[in-house]
Every structure is written in structure tokens, then in C-alpha cells.
Amino acid sequence: MVKKILQTKPGGDGIIREYNKTKSSSDSNRRKMVNILTADVTEKHSSSPPEQVRELYAQGIIALFPYLRDPYAKLGYEHYYDPQSGQGYLSWKIKNIQRNSAPSETRRCVPQSFSGGPSAQREASSSTDVILTEEQYREAVSLMKHTSEEATVKVKMRETFQYRRKMIHDPSRCADVLTEFPLYLDIKGLIELDFACLFGEKTAAKFLERWPTTFMQKVIQQSKGLNSSQELQDLIHCAESAVDTESGEDGWGSGLASILLLLHLIPPSAQGRKRPGKMSASQAEKHIVIFKKAGTNMQEHLDSIKESTQPYLLAVGTKKSSIHGYYIILDKKAIPCKSVSGLAAFDELFKAHFVFGVAYNK
């Protein structure tokens, strides 16, 4: 059974060839095998397969690959599925599938009452007119879920781009994109790729080309004319710093600081003033970017999100001026940003609204 499954799934033949040659399995191929088999078992037996089914697959692995047997275990296949404890590689992967397929509290689609904005229907501007049959689409998605080769993934992401656009404009399916295409969470740059498919490479590059050279200094100068607070002075100081210092000072890098100055320059909307308690610029900042110390448990942060929120940046580092990585937090999931530059991360956050059809935070 296991041999037949592996022979009919992308990447499965490579696992068998490696074992026949080396009488062992690399970590990457072992993970790939578990992914293929759990995808098969959940497809045939739902996301909560019976214990005897899990054990059957574990037995099949050792029957096909006897050198992968655990010589110190009673049955030999407990590391894949232990019928006593219910643990093992297969069970852990099935739990991940269950967690990802559980209904999530989601923000979503922007009302189609105006012509622009992130969820507007628009023609893709690049060569993404590939029309796949349902079978070809399923094959492409399956291949992406079982490969880590970036070049292959990006080709398949382009081929499935039009399908994703249909998902995003379907209110009943728009929140399932990260479940259907989980590689957004593993491979950096896929948001940039989708945005370029939608608007073209030239438009995709425009913000990072023009902000530092055309707009940044103007924003700093305009900010100096505002009624000054210590918070504003600190932001201006950070924005004017050509290089982030490693002194005791702690503030955002110059690019992101210049973006946050806009919160002081652009007053709350009329709608905002009608609400009790006008939002301050520092409060609004937390809807754009949140800082967490390096070493923070990412899953704990995601689990702590109690209500549906619009996407924002999570900056992780030793301090605000020394960020190791940025993540876009969306649907209680963390999408790693391609760059560790605050300005580039903000650019990617903006693009994520269009890629996933998400409303701006009011």
C-alpha cells in the first residue's frame, strides 16, 4: 500500500530510490514521506483517521523500508505511530492538518461597493493567463505541498495565480488561501511574486525606489512643523539617522520611522473622531507594527490573538533598531517577510492586502 502511494505521488519515487541505494532515508525525505502518507490517509479517511488506520500506514512503512525499523522498540514502527501513546510522526502531522483545517476567526473580504482597493476585481498585468484543468490544478497544489524547491514552487504559484484570485473573490473561500497554499508560511517572496503578477514588476518596485529618494525627506520636514511631543521628536531623530546605532538608544530604523511619521501628519478620519476616545498616533502604530524580543515564542503570540484583526507586522529582534526578522500576521499565522529592512517589510505588508484581498484597518 505504502509503495503504491509513494509511486503515484510527486517526489515519492525519489524516496524509494534513495532507500534502495543507501538503505536509509535523509531527514528531508523522511519528512516528505510522512507528508505524502498523511495527505493520503486524511484524503481517504478524513482528518481524524481511526487508530488502526494510522497503525496500518506505520506498519507499511517498516514493511517497505525494513532498515527504518527502530531496533529498540517493541513493534519497530512506534516512531511513526505508537498505538499505546497515540504519538509518532504520522500523528503529529495529522494534528497539524487538523489545526490548519479548523475554522478560523477571520477578517475578510472588503465590500465590493467601490472600484478600487485591495479586493477590487482587476486583470492581471503579467503573463499569468495559464488556464489549468481541475486535475492539473490539484497536481500543482500537491506538488507544492511536497517540495521545497523554490524555483519549482514559484513556477507553480504563477500557474495557479488565476485560481487563487477566484478564491480571494469568493466570500466562502477567501479565508482558506493560507490553508490551500501553506508555502506562503515557509518560502519568502511569494507575496511579492503575486503582487507583481497583479500589477507588473515596474509597479511592484516603485515604492521602494521612490520613497527614500523623493518622499522621505519631505515627510521628515513636514513633521518638524507639527506641535512637537517627545514621541514625535524621537521618531524624527530615528528617521534622520542614516545608520541605526548600537548605543543605548532604542527606536525604529530610519525607513520604518519615516513611515510612522505619517501617523502624526495624517489626522484621524471623521469616522474616527465620532468614536469615544480619539486614537493617538502611538495607539495607531500598534495596528501597523508590534515589536517582540528575540526568543519570544511565536506560537504563543499567535495563540494570544483573541479577535480577528487586519494584517500587521511583527518585528522580532534584540531591540527596535536591531530587527532580525519581520512577519506579516494574518489569520493567526505568521508569514515571513523577504527582507529585514523595515521599509521593505512595510511595502510587503501593503502588498499583502492586495494579494489576499484584505481590507485596510479602519
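A quick word on terms: buried means under 20% relative accessible area, exposed over 50%, and partly exposed in between, with a 1.4 Å probe and protein chains only. This is a predicted model, where local features need pLDDT of at least 70, side-chain atom pairs count only at pLDDT 80 or more, and totals for chains, interfaces and linings use all residues. Residues are numbered from 1 along each chain as its sequence is written, and side-chain values use heavy atoms, leaving out hydrogens and water.

1. (Helices are DSSP runs of H or I, at least four residues; strands are runs of E, at least two; both are numbered from the N terminus.) Phe350 and Phe354 both sit in α18, four residues apart, about one turn of the helix. Phe354 is buried at 8% relative accessible area, while Phe350 is partly exposed at 36%. Their rings form a tilted pair, 5.3 Å centre to centre with 50° between the planes. (Rings of Phe, Tyr and Trp, the last by its six-membered ring, pair if their centres lie within 6.5 Å; planes under 30 degrees apart are stacked, over 60 edge-to-face, the rest tilted.) Ring pairs also tie Phe350 and Phe354 into a cluster with Phe195, Phe199 and Tyr360.

2. Helix α2 (residues 12-22) buries Gly12, Ile15, Ile16 and Tyr19. Down the axis of α2 these fall within an arc of 95°, so they line one face of the helix; the arc is that of the directions from the helix axis to the C-beta atoms. Arg17 and Lys21, on the other side of α2, are exposed. Lys23 follows α2 and has a positive phi, near 60°.

3. Have a look at the β3/β4 hairpin, which has two residues between its strands and, in the turn, Asp331 with a positive phi of about 55°. Strands β3 (residues 322-330) and β4 run antiparallel, joined by four bridges; strands pair if DSSP finds at least two bridges between them. Both faces of β4 (residues 333-336) are covered, with Lys333 and Ile335 buried on one side and Ala334 and Pro336 on the other.
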